[in-house]
Amino acid sequence: QVQLVESGGGLVQPGGSLRLSCAASGIIFRIYAMSWYRQAPGKQRELVALISSDGSTNYGDSVKGRFTISRDNAKNTVYLQMNGLKSEDTAVYYCKGVAGRTYWGQGTQVTVSS
């Protein structure tokens, strides 16, 4: 059974930081391209960051320079370090894994508010 389980979301003040984690099981993690998406109320789901199986990364324009995606293949986990958080970063953040087949996590809420 494949599972992607996100954690690390919560409430943070503007300018603050959070680190999201996505732990995978049931897949050969190292061959998967892993990504983070987010969806705010009333908006479409959008790509935040992607890390390929070889470690190359891509970021959405709105988070470049503030967010960093990384992976630990030994722990079957992908991370999203979020710094300089803004109110517009408020959303549910989802983990996605792709290697032929596609799997999604259940999401974790991030709220940026004073």
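Which side chains does a polar contact of 2.9 Å join? The side chains are those of Asn83 and Ser17, where a polar contact is a pair of N or O atoms within 3.5 Å, one of which, within protein, must be able to donate a hydrogen and the other to accept it, with residues adjacent in sequence counting only if both atoms are side-chain atoms. The model is a predicted one, in which local features need pLDDT of at least 70 and side-chain atom pairs count only at pLDDT 80 or more, while totals for chains, interfaces and linings use all residues. Residues are numbered from 1 along each chain as its sequence is written, and side-chain values use heavy atoms, with hydrogens and water left out.

**Overall architecture**

- The protein has zero helices and eleven strands, with helices (H or I, at least four residues) and strands (E, at least two) taken as DSSP runs numbered from the N terminus.
- The radius of gyration, taken over C-alpha atoms, is 13 Å, close to the 13 Å that the globule rule gives for 114 residues, so the protein is as compact as a globular protein of that length; the rule itself is 2.2 Å times the number of residues to the power 0.38.
- Along its principal axes, the C-alpha trace spans about 40 × 25 × 25 Å.
- Residues 24 or more positions apart account for 53% of the contacts with a separation of 6 or more, a contact being heavy atoms within 4.5 Å.

**Surface and charge**

- Of the 114 residues, 41% count as buried, where buried means under 20% relative accessible area, exposed over 50% and partly exposed in between, with a 1.4 Å probe and protein chains only.
- The accessible surface comes to about 6,000 Å², of which 46% belongs to carbon and sulfur atoms; the areas come from the Shrake-Rupley method with a 1.4 Å probe, and for residues only the protein chains shown count as cover.
- There are 12 positive and 7 negative side chains, and the centres of the two sets lie 4 Å apart; Lys and Arg count as positive and Asp and Glu as negative, without His and the chain ends, and each charge is placed at NZ of Lys, CZ of Arg, CG of Asp or CD of Glu.

- Asn83 is found in the loop between β8 (77–82) and β9 (91–99) and, at 32% relative accessibility, counts as partly exposed.
- Beyond its neighbours within four places in sequence, Asn83 is in contact with Gly16, Ser17, Arg66 and Phe67, and its side chain also makes a polar contact of 2.9 Å with the side chain of Gln81.
- Asn83 and Pro14 are 69 residues apart in sequence, with their C-alpha atoms 9.6 Å apart in space.
- Asn76, in the loop between β7 (67–72) and β8, is partly exposed with a relative accessible area of 25%, and its phi is near 50 degrees, a positive value in a residue other than glycine.
- Most residues other than glycine have a negative phi.

- Ser21 is found in strand β3 (residues 18–25) and is buried, with a relative accessible area of 16%.
- Neighbours within four places in sequence aside, Ser21 is in contact with Val5, Glu6, Ser7, Trp36, Thr77, Val78 and Tyr79.
- Ala91 lies in strand β9 and is buried at a relative accessible area of 3%.
- Ala91 is in contact with Arg38, Gln39, Ala40, Thr108, Gln109 and Val110, again leaving aside neighbours within four places in sequence.
- The C-alpha atoms of Ala91 and Leu20, which are 71 residues apart along the chain, are separated by 13 Å.
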